[in-house]
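This briefing concerns the model shown below.

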There are 2 protein chains.
Amino acid sequence: TEDTQLGVFAEFDPKIPGPYNEVPFLFLGNIHPQLQLDVLDKMTKKPIVAADTMNFWITGTPDLLRQVIARVDLMLVNDAEAQMISGKTNLLDAADAIRAMGPKVVVIKKGSHGAMLFFEGGIFVVPAIPLRTAKDPTGAGDTFAGGMMGYLARQGNIEAETLKQAAVAGTVMASFTVEDFSLNRLGSVGKGEIAERMEQLRALSAFTPIQL
Amino acid sequence: TEDTQLGVFAEFDPKIPGPYNEVPFLFLGNIHPQLQLDVLDKMTKKPIVAADTMNFWITGTPDLLRQVIARVDLMLVNDAEAQMISGKTNLLDAADAIRAMGPKVVVIKKGSHGAMLFFEGGIFVVPAIPLRTAKDPTGAGDTFAGGMMGYLARQGNIEAETLKQAAVAGTVMASFTVEDFSLNRLGSVGKGEIAERMEQLRALSAFTPIQL
């Protein structure tokens with residue numbers, strides 16, 4: 001990210017009315033870490049928490065960001081952000097370092113190259129779905145996070161296989177977002193199209209293991 | 001590639017003694033397209049041919065390169081090269097355009113982001129194996145091609161499932177090359193380590209499909 005203008009978010013002070021203060025799965029979108037902490041404090045039951053951030057907060061408010069990361073179950077960042085937060089170039093080392101700060105799970109988003117999931121005892125790599133039309137990547141990361149959290153919330157756990165499937169769900173949903181501006185494409189997506197892309201993604205990376 | 005110095009390859013004139021002039025699988029490494037054509041002409045039986053190239057030849061000798069591409073079954077290039085050859089930004093369009101020039105199969109190599117395989121009726125995406133130690137990427141593309149061609153030659157066909165497995169074999173072999181300089185790591189690799197990485201790569205991208 002080259003430039004950040006906070007706009008209305010500069011003075012945003014979110015209220016969390018019930019029953020939203022007791023949801024079991026919470027996603028803290030990329031915003032001032034102090035607001036992320038405030039939202040966390042307003043939750044009456046301890047939810048499973050995912051969070052996103054960006055270079056602006058990593059360099060601007062590192063101490064507050066550390067406090068957020070310490071209270072998060074899943075940290076979602078892109079590759080450059082993971083390297084900045086951890087000070088490590090190698091993505092395995094970066095994910096390890098971030099997991100050592102608190103999160104059980106680190107998701108490293110790589111745009112058109114897909115995403116990597118680091119969790120207890122494993123790594124999962126999901127490719128992005130190759131698209132004929134890719135108009136605007138804006139919102140792809142948030143859609144990925146939304147699809148992922150939606151799936152986790154529906155399953156009610158963050159076990160290894162659920163996490164992998166959630167990353168797949170996030171990838172599929174994000175593939176629609178980039179095909180048009182804003183929510184134009186995502187708003188019209190039906191269950192059939194989602195199922196089709198799920199199958200497309202499965203076929204993309206499936207192969208018969210080689211017997212040596 | 002920022003700069004190319006041909007060195008001894010500027011005046012290289014390869015001889016192909018028997019029985020190498022009748023091998024069933026031939027890989028034309030990245031070199032002057034005229035030499036690639038000469039080697040093709042010296043083959044006494046028509047082999048299955050794969051070829052690599054680079055920006056230096058794409059811009060320097062485009063017509064000769066076109067003649068090579070027209071006679072190749074598998075074209076292996078990186079993403080930037082695929083875009084230069086085809087004039088297309090979108091990788092699906094780029095692969096289509098290159099396949100329209102002759103090759104049945106196009107492999108687009110993306111370094112640490114893995115590789116994409118485009119063939120009749122399908123796309124296959126294989127992630128690179130995340131490595132703790134990555135010292136030098138030099139030779140990774142050639143090792144990938146070598147592993148791929150070795151597997152295809154052993155199987156004796158270029159059918160869809162064989163192609164996928166060959167890309168997996170290439171990925172596994174390339175993962176060793178980058179761990180040290182030159183052939184230092186690759187030279188000491190045993191069958192057990194190869195089997196281990198095959199399993200690692202399978203586990204990396206395997207997931208239980210989501211039922212909607």
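Strand 5 and strand 6 of chain A run antiparallel and are joined by five bridges. The model is a predicted one. In strand 6 of chain A, Phe124(A) is the bridge partner of Leu117(A). The hairpin formed by strand 5 and strand 6 of chain A has two residues between the strands, and Gly121(A) there adopts a positive phi near 75°.

**Sheet of chain A**

- Chain A contains an open sheet of six strands in the order 1-2-3-4-5-6, and the pairing is mixed.
- Strand 1 (25–28) and strand 6 of chain A are the edge strands, each pairing on one side only.
- From one strand to the next, the twist averages 15°.
- Strand 2 (residues 48–52) and strand 3 (residues 74–78) of chain A run parallel and are joined by three bridges.
- Within this pairing, Ala50(A) has Leu74(A), in strand 3 of chain A, as its bridge partner.
- Helix 6 of chain A packs on the sheet, where it touches strand 1, strand 2, strand 3, strand 4 (105–109) and strand 5 (115–119) of chain A.
- The direction of helix 6 of chain A makes about 170° with that of strand 1 of chain A.

**Sheet of chain B**

- In chain B, six strands form an open sheet with mixed pairing, in the order 1-2-3-4-5-6.
- Its edge strands are strand 1 (25–28) and strand 6 (122–126) of chain B, each of which pairs on one side only.
- On average, neighbouring strands of this sheet are turned by 15° against each other, direction ignored.
- Strand 3 (residues 74–78) of chain B is joined by five bridges to strand 4 (residues 105–109) of chain B, and the two run parallel.
- Val105(B), in strand 4 of chain B, is the bridge partner of Leu74(B).
- Helix 6 (residues 140–155) of chain B lies across strand 1, strand 2 (48–52), strand 3, strand 4 and strand 5 (115–119) of chain B.
- Relative to strand 1 of chain B, helix 6 of chain B runs at about 170°.

**Extent of the interface**

- The size of an interface is often given as the accessible area lost when the parts come together.
- Chain A and chain B bury about 3500 Å² between them, and 63% of this area is on carbon and sulfur atoms.
- On the side of chain A, Phe207(A), Ile210(A) and Leu212(A) lose the most area to chain B, together 21% of what that side buries.
- In terms of contact, 39 residues of chain A meet 39 residues of chain B.

**Polar and charged pairs across the interface**

- Four salt bridges are counted between chain A and chain B.
- A salt bridge links the side chains of Arg132(A) and Asp93(B), at 2.9 Å from N to O.
- Between chain A and chain B, 16 residue pairs are in polar contact, with both residues at pLDDT 80 or more.

**Composition of the chain A side**

- Helix 5 (91–100), strand 6 (122–126), helix 6 (140–155), helix 7 (160–177) and helix 8 (191–205) of chain A each supply at least two residues of the side that touches chain B.
- Helix 8 of chain A gives the most to this side, with eight residues.
- By class, the side of chain A that touches chain B comprises 21 nonpolar, eight polar and 10 charged residues.

Technical notes:
Residues numbered from 1 in each chain as written. Chains lettered and ligands numbered in written order. Predicted model: local features only at pLDDT ≥ 70, side-chain atom pairs only at ≥ 80, totals over all residues. Heavy atoms only, no water. Contact = heavy atoms within 4.5 Å. Buried area = accessible area lost by both parts, 1.4 Å probe. Polar contact = N/O pair within 3.5 Å; in protein donor to acceptor, adjacent residues only side chain to side chain. Helix = DSSP H or I, 4+ residues; strand = E, 2+ residues; numbered from the N terminus. Nonpolar A, V, L, I, M, F, W, Y, C, P; charged D, E, K, R; others polar. Pairing = 2+ DSSP bridges. Axes fitted to C-alpha atoms, helices over the stretch in contact; angles between N-to-C directions.
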